[in-house]
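Here is my notebook from an afternoon of looking around one protein model. Have the picture open while you read along.

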Amino acid sequence: MSSTSSLFGSPIPFPRAPAKTKIKLRHHLPTVKMSISNSNPVTTLTKLLWGRSLPPHLLISTVRTTWSAAWHLMMSQLAPSDPTGRYTRPASQFKNPTSLNLTNQNLHLYIGLPCPWAHRTLIVRALKGLEEFVPVSVAAPGMDGYWEFRDSTVPVLDNDIIVPSLDKANGCKTLIEVYNLRRGGYNGRSSVPMLWNVNKKEVVCNESYDIIELFNSRLNDVAQNPGLDLSPPSLKKKIDEWNQIIYPSVNNGVYRCGFAQSQEAYDSAVNELFSTLEMLDDHLGSSRFLCGDTITLADVCLFTTLIRFDLVYNVLFKCTKKKLIEYQNLHGYMQDIYQIPKVATTCNFEAIMDGYYKTLFPLNPSNIRPVIPSTSTHEVLSKPVNRESLSLVGSNC
């Protein structure tokens, strides 16, 4: 028997060749060695151990059990669940700053482009014309799961599009560093969006809905579009009713699907999600927006989930029953909002997809980002949908 060394350092025997083929084997040995040395070590090892066959059953079973245990451990940190495996979203720690006179504050907004909750605040900030009074720093998800600040590496074709940035208010490297600047520090999740008081070095609010209500009604003295009211008193009750439907079933519903840790939890979430989408699609067949002819905060909250649906949730979060493009009214409604001036510039599709596919390792271990669906491009979303005609039909809240 002749031998060469394996990756384990032990000899691997080769059958001795007949005399007449001995020279050919010697001629090919350098090629074999070069192929092994230049190939992926894992690929080389598997070929040496079991050739082109599948790995042994015991190895597959062991790896599967180990990966399942590791997955549940990572998911318990990424997405806390109840005993049945249902995702339970942690509550925000800084809510409803009703006692502050905000027009006298030096405010700064921290957001992350993948996050639909942060996207709400960007849209209302833009629609109300608060860009100058409330500057923004855009964090990007790091490989360790923390929000971090860095110059954008994505080519910018439109100077108005929002891209990842450095921390313009405090010069920090990560968002958790910003949170820790407050008096007494911070030991919670460093979530976005977060509204910051620059002078006091204090968190004003990190609850998304409180921030958009604040932007809508409490900064009119400094807003460039103070006449726009996204939560008028006459529609307040209806807005609240829609939010009570949309938040658990759609906004958080897609996360309950993607972060479910049991089949039972997933089945419950996905059935609730799609039954609600069917109801919304039917409603929007006779109403331009959720509460008739006027866009409201409820529409903003629904939009930021819908714009991510075919990009992310349909694939990565297993919301696969239907794509949004298959809902004629819902998809047209999303396009209608996308075409409102300033809204499109808040939608960075590349950053959204990177933030999910390249960061949520337990859901996408390969780190491969799929191509953007053709129906989710700016060109398609910018096509006229003529939903203004529904205003003539009348509202149906």
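Predicted model: local features only at pLDDT ≥ 70, side-chain atom pairs only at ≥ 80, totals over all residues.

**Entry 1: helix α7.** I began with α7, residues 236-251. A straight helix of 16 residues would span 22 Å, but I found that α7 spans only 19 Å between its end C-alpha atoms. Next I looked up its buried residues, and my list reads Ile239, Trp242, Asn243, Ile246, Ser249, Val250 and Asn251. What covers them? I noted several helices, including α4 (116-128), α6 (208-217) and α9 (263-283). Helix α10 (297-316) is also part of the cover, and I followed that one up.

**Entry 2: α7 against α10.** Two packed helices are described by the angle between their axes and the distance between the axes. For α7 and α10 I wrote down about 15° and 9 Å. The angle is under 35 degrees, so the two count as roughly parallel. Their crossing is left-handed. On the α7 side the contact includes Ile239, Trp242 and Ile246, and α10 brings Ala298, Cys301, Leu302 and Thr305.

**Entry 3: a hairpin.** Strands β6 (residues 194-197) and β7 (residues 202-205) run antiparallel, joined by three bridges. I picked out Leu195, whose bridge partner in β7 is Cys205. Four residues sit between the strands, and in this hairpin Lys201 takes a positive phi near 50°.

**Entry 4: Ser165.** This serine lies in the loop between β5 (147-148) and α5 (175-179). Is Ser165 buried or exposed? Its relative accessible area is 9%, so I noted Ser165 as buried. Leaving aside neighbours within four places in sequence, Ser165 is in contact with Ser137, Val138, Phe149 and Arg150.

Notes: Residues numbered from 1 in each chain as written. Heavy atoms only, no water. Expected span 1.5 Å × (residues − 1). Buried < 20%, exposed > 50% of the residue type's maximum accessible area, 1.4 Å probe, protein only. Contact = heavy atoms within 4.5 Å. Pairing = 2+ DSSP bridges. Axes fitted to C-alpha atoms, helices over the stretch in contact; angles between N-to-C directions. Parallel < 35°, antiparallel > 145°, perpendicular 65-115°, else oblique. Left-handed = near helix turned anticlockwise from the far one by under 90°.
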